[in-house]
Amino acid sequence: MFNSLSDRLQGTFDKLRGKGRLTEDDINVAMREIRLALLEADVNFKVVKRFVASCKERCMTSEVLDSLTPSQNVVRIVLEELTELLGGTESKLTMAQNRTPNVIMLVGLQGSGKTTACVKLAYLLRKQGRNPLLAACDVYRPAAADQLETLGKEIGVPVFRGDGQHPVQIAKDSVQEAVDKLCDVVIVDTAGRLQIDEFMMQEAVDIKSAVRPDQVLMVVDAMTGQDIVNVVTEFAERTDFDGVIMSKLDGDARGGGALSVREVTGKPIKFVSMGEKPSSLEVFHPDRMARRILGMGDMYGIIDAAQEMADEEQARKAEKMLMQGLTMDDMLDQLQSIRKMGGLGKIISMLPGGDKLLGETPEAADEKQLVRIEAMIRSMTQEERDKPKIINGMRRQRIARGSGHTVQEVNALIKQWDEMNKMMGKMRSMMNSGNMNPKQMKRMMNQMAGGLPGQGGQPQMAGNRAQRRAAARKKNR
C-alpha cells in the first residue's frame, strides 16, 4: 500500500534538493506533482485540492524560500500537513469507566472484513488485560456465526450466538451473557450491509439503540478506492460511528481511500489491519503513517513491537548490545524476536525506504533465510558466538560442515554480523540527530542489503555495490 505514492513524492523532493534556493515556480511545479501523485493514488479530489492549497500557502512564505535549507522545509511542511490529513494525533479507543460490560459495535459493507476485525480487536483487548465476549449478530451470511466461533476459539474468546433470534435480540442478550460470564467487553459483529439498503441500515440503527454501545467502529476496506468517501459518509449519517478500522492495508491498492476518510467525515482512523493473523491489528498513528508514506520509515513502530515482548532481561541485553555491539547470540535472539514481531517483511516495511526495497526485491523478506542463519550460528562454539572475529578459515569450514551449508554462506553471515554492527551505529546516530534525508536512507538501505538477517543466504547479496561490481568485472574477464 502507498508504494507508488511514496515513490512519486520522494521523486518530487529529490528534485527540490538539487536546488540551492527555491523560487515560486519551483514550488508551483512541486505542488503540481504532489497533486497528480495524490490523484493517481485515488485520493478524493476535494481532499487533494485542500491539501495542496494548504501546503502551497505555507511553502510560499519568505521563511521557507529564503531559508538555507528550503527543500527540507518543504518536506517538513508536507509531512506536517499529511499528518494532519490523517488525523493529527492518535485516537484512542474510549471505554466507559462506570459501566460493565463496555460494548463495541462494528459496522461496515459486505466483504469489508468485519468478522475478522472483531476477532483481531478481541485479541488486542485481551493483550491489554480485558476479558472480551464476541456477539454473532450476522444472521444473513451463511456460516457467519460458525466463522466467528471458530476464530474465537483460536484466540480463547467466548462467542454468543443466539441462534434463531433476531440480530437486535442477540445483541441485547449478549450483554447479559457477558455479565453472567464476567466479561468486561462485548464486541458486536453485525451483518455486512449496503448504504443503499434501507432495511439493513435501519437494523444497524436499531442494534445501536438497543445496546447503547460505548464505541461504534466502521470497518473499511482500504482497497475500496475513492468510493470509500460515499460509503463512510452514508454510514456516518445513519449510525454516527466514532472511528474507523482500516482493513487490508497491506493490499496492493493505491490507498487513496485511507487518506480521504478522516478529512471527509471528521471521523478518526483508530486501528489498521495489515495481515491475516489475529495480532495484525494495530493502533493507528497518523504521524508514523505519514512518515512511511514519505519514505521515512516507522522506527517507533519497530520500537513499540520490540517493547511488547521486552522484559527486564531483554532490556538489559538491548542496552549491552547498544553499548558493546552485537554478538552472534544477539543475532540469534534478534532472529527469534523478528518472528514474534510479525516476520521480516513487516519489519523491513517499517524501515526508511523499506516498502520500496520490498517492491524491488521481495526475496528480502524470505523467512527461509532466517532458518539458514540460525543453523550456522548454532554450529558455532560459545567462544565463536561471543567473539566472531576469531572465526578463521578452519573454523569457517567446521561451521559450514556442522550446519550443512557452504563456507561462502558462513562468510556471508560473518559479513552480515559486521555490517549490522556498522548499520546499528549509523541508525543510532541518525535517530539521535533527527535528520534522515532520503539520500541517507537510500545509502542505508543499500548497506542493509548486506546487513539484515535473511539477506545473506547467497554470498553475492552480502557485499556492497562496489564489491558486486568488482566481482562482475572479474567474472567477465
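Mentor: Gladly. Let's start with Gln202, which sits in helix α9 (residues 198–211); helices here are DSSP runs of H or I with at least four residues, strands are runs of E with at least two, and both are numbered from the N terminus. This is a predicted model, in which local features need pLDDT of at least 70 and side-chain atom pairs count only at pLDDT 80 or more, while totals for chains, interfaces and linings use all residues. Residues are numbered from 1 along each chain as its sequence is written, and side-chain values use heavy atoms, with hydrogens and water left out.

Trainee: Why is Gln202 called partly exposed?

Mentor: Its relative accessible area is 31%. Buried means under 20%, exposed means over 50%, and partly exposed is in between (1.4 Å probe, protein chains only). So Gln202 is partly exposed.

Trainee: What makes the pairing of the Gln202 and Arg238 side chains a polar contact?

Mentor: The two side chains meet at 3.2 Å. A polar contact is a pair of N or O atoms within 3.5 Å; within protein, one must be able to donate a hydrogen and the other to accept it, and residues adjacent in sequence count only if both atoms are side-chain atoms. Gln202 and Arg238 are 36 residues apart along the chain, and their C-alpha atoms are separated by 8.1 Å.

Trainee: How do you know that Arg8 and Glu40 form a salt bridge?

Mentor: Their closest N and O atoms are 2.5 Å apart. A salt bridge is a side-chain nitrogen of Lys or Arg within 4 Å of a carboxyl oxygen of Asp or Glu, so Arg8 and Glu40 qualify. Arg8 belongs to helix α1 (residues 3–17) and Glu40 to helix α2 (residues 24–40), so this pair ties together parts 32 residues apart in sequence. Arg8 is partly exposed at 29%, and Glu40 is partly exposed at 44%.

Trainee: How many salt bridges does the structure hold?

Mentor: There are 19. Another of them joins Lys181 to Glu177, with closest N and O atoms 3.3 Å apart.

Trainee: Which residues make the contact between α5 and α12?

Mentor: Leu79, Leu82 and Thr83 of α5 meet Pro286, Asp287, Ala290, Arg291 and Ile293 of α12, where contact means heavy atoms within 4.5 Å.

Trainee: What makes Asn102 buried?

Mentor: Asn102, in strand β1 (residues 102–108), has a relative accessible area of 2%, so it is buried. Not counting residues up to four places away in sequence, Asn102 touches Met95, Ala96, Arg130, Asp184, Val185, Val186 and Asp214. Across the protein, buried residues make up 52% of the 477 residues.
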